[in-house]
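Here is a short report for a reader meeting this structure for the first time. Keep the sequence and the model in view while reading.

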Amino acid sequence: ADGASESGRMMLSLDRALAIARADNPGIAIDRARRARADGARVRSRQAFSPRISFDATHLRLDSSVLDDIPVIEPGFPPMLGMHGLGPLDGQVVGAQLYQPLINVGAWNARRQAGSALDAAELSLHRSRQEVEVAVVESYFGAQTARRQVEAEQKGLATALRALRQAEAGFEQDLIAPVDVLSARTRVAEMKARVAAAEARVVAAQAILRRVLG
């Protein structure tokens, strides 16, 4: 019963275990943070020589006194010249300015170094993911193998207990010698020790899997 409940608690597919490791493994998390820092440094290095555009807007208002007596052609036949006022006007004047930094050798070198650091961080992250995936597969199947070993040892223990009961019953009927009963009891004790050792291997395998998963 204990083995069955333990097996039920450990129901976890390999795909799910790999997904958990990719998200939570400490080594992968550290390399992911290093890549983010390297990417940020590369973006900042680009600003030293990349052109930048700035925008500004100004609100203007023209009073009617400035716009009075503007000559216009009046429609009609023949057309005539007249004077009109446009009234007050207002609006936004938007300007744009392109800033091109001077050639900066140091900035180019810094960008190249930042690019190399980013490539190294991405390579380290890729390697960490591969190593963790291999460790997950090994520990996952190691835990499964350990649980199957427990089941096998428990079946052996059940067989040894049945043999002991039969030997004790035969001894009571003077059909079995005392040495045979002692042998059956020794076998039961041996199988109990093997079950305990197998259960300890399950605990160890699960601990390794938890550590790999993070």
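Arg22 is partly exposed, with a relative accessible area of 36%. This is a predicted model. The side chain of Arg22 meets that of Glu133 in a salt bridge, at 2.9 Å from N to O. Glu133 is partly exposed, at 27% relative accessibility.

The structure holds five salt bridges. One of them joins Glu153 and Arg194, whose closest N and O atoms are 3.1 Å apart. Glu153 lies in helix H4 and Arg194 in helix H5, so this pair ties together parts that are 41 residues apart in sequence. Is Glu153 buried or exposed? Glu153 counts as buried, at 5% relative accessibility. Arg194 is partly exposed, at 36%.

Glu168 and Arg185 also meet through their side chains in a salt bridge, at 3.5 Å from N to O. Here too the pair links distant parts of the chain, with Glu168 in helix H4, Arg185 in helix H5, and 17 residues separating them. Glu168 is partly exposed, with a relative accessible area of 28%. Arg185 is partly exposed as well, with 46%.

## The buried side of H2

Helix H2 covers residues 14-24, and its residues Ala17, Leu18 and Ala21 are buried. Why do they lie on the same side of H2? They cover an arc of only 100° around the axis, which puts them on the same side. An α-helix has 3.6 residues a turn, so residues three or four places apart point the same way.

The largest nonpolar core has 11 residues. Ala17, Leu18 and Ala21 belong to it, and other members include Ile28, Leu125, Tyr140 and Leu213. Which elements give two or more residues to this core? They are H2, helix H4 (105-172) and helix H5 (178-213). H4 provides the largest share, four residues. A second, separate core has nine residues, including Val181, Val188, Met191 and Val195.

Val212 is one of the residues in the largest core. Leaving out residues up to four places away in sequence, Val212 touches Ala21, Asn25, Val132, Ala135, Val136 and Ser139.

## Ser139 and its surroundings

Ser139 sits in helix H4. Ser139 is buried, with a relative accessible area of 7%. Its side chain reaches the backbone oxygen of Ala135 at 2.8 Å. A polar atom of the Ser139 side chain also lies 3.2 Å from the backbone oxygen of Val136. Beyond its neighbours within four places in sequence, Ser139 is in contact with Ile208, Leu209 and Val212.

Ala135 is found in helix H4 too. Ala135 is partly exposed, with a relative accessible area of 25%. Ala135 and Ile208 are 73 residues apart in sequence, yet 9.2 Å apart in space, C-alpha to C-alpha. Ala152, also in helix H4, is 46 residues from Ala198 in sequence and 9.4 Å from it in space, again C-alpha to C-alpha.

## One aromatic pair

The count comes to one aromatic pair. Tyr140 and Phe141 form it, edge-to-face, with 5.4 Å from centre to centre and 90° between the planes. Tyr140 is buried, with a relative accessible area of 9%. Phe141 counts as partly exposed, at 39%.

Technical notes. Residues are numbered from 1 along each chain as its sequence is written. This is a predicted model: local features need pLDDT of at least 70, side-chain atom pairs count only at pLDDT 80 or more; totals for chains, interfaces and linings use all residues. Side-chain values use heavy atoms; hydrogens and water are left out. Buried means under 20% relative accessible area, exposed over 50%, partly exposed in between (1.4 Å probe, protein chains only). The arc is that of the directions from the helix axis to the C-beta atoms. A nonpolar core is a set of buried Ala, Val, Leu, Ile, Met, Phe, Trp, Tyr and Cys residues joined through side-chain atoms within 4.5 Å. Contact means heavy atoms within 4.5 Å. Rings of Phe, Tyr and Trp (its six-membered ring) pair if their centres lie within 6.5 Å; planes under 30 degrees apart count as stacked, over 60 as edge-to-face and the rest as tilted. A polar contact is a pair of N or O atoms within 3.5 Å; within protein, one must be able to donate a hydrogen and the other to accept it, and residues adjacent in sequence count only if both atoms are side-chain atoms. A salt bridge is a side-chain nitrogen of Lys or Arg within 4 Å of a carboxyl oxygen of Asp or Glu.
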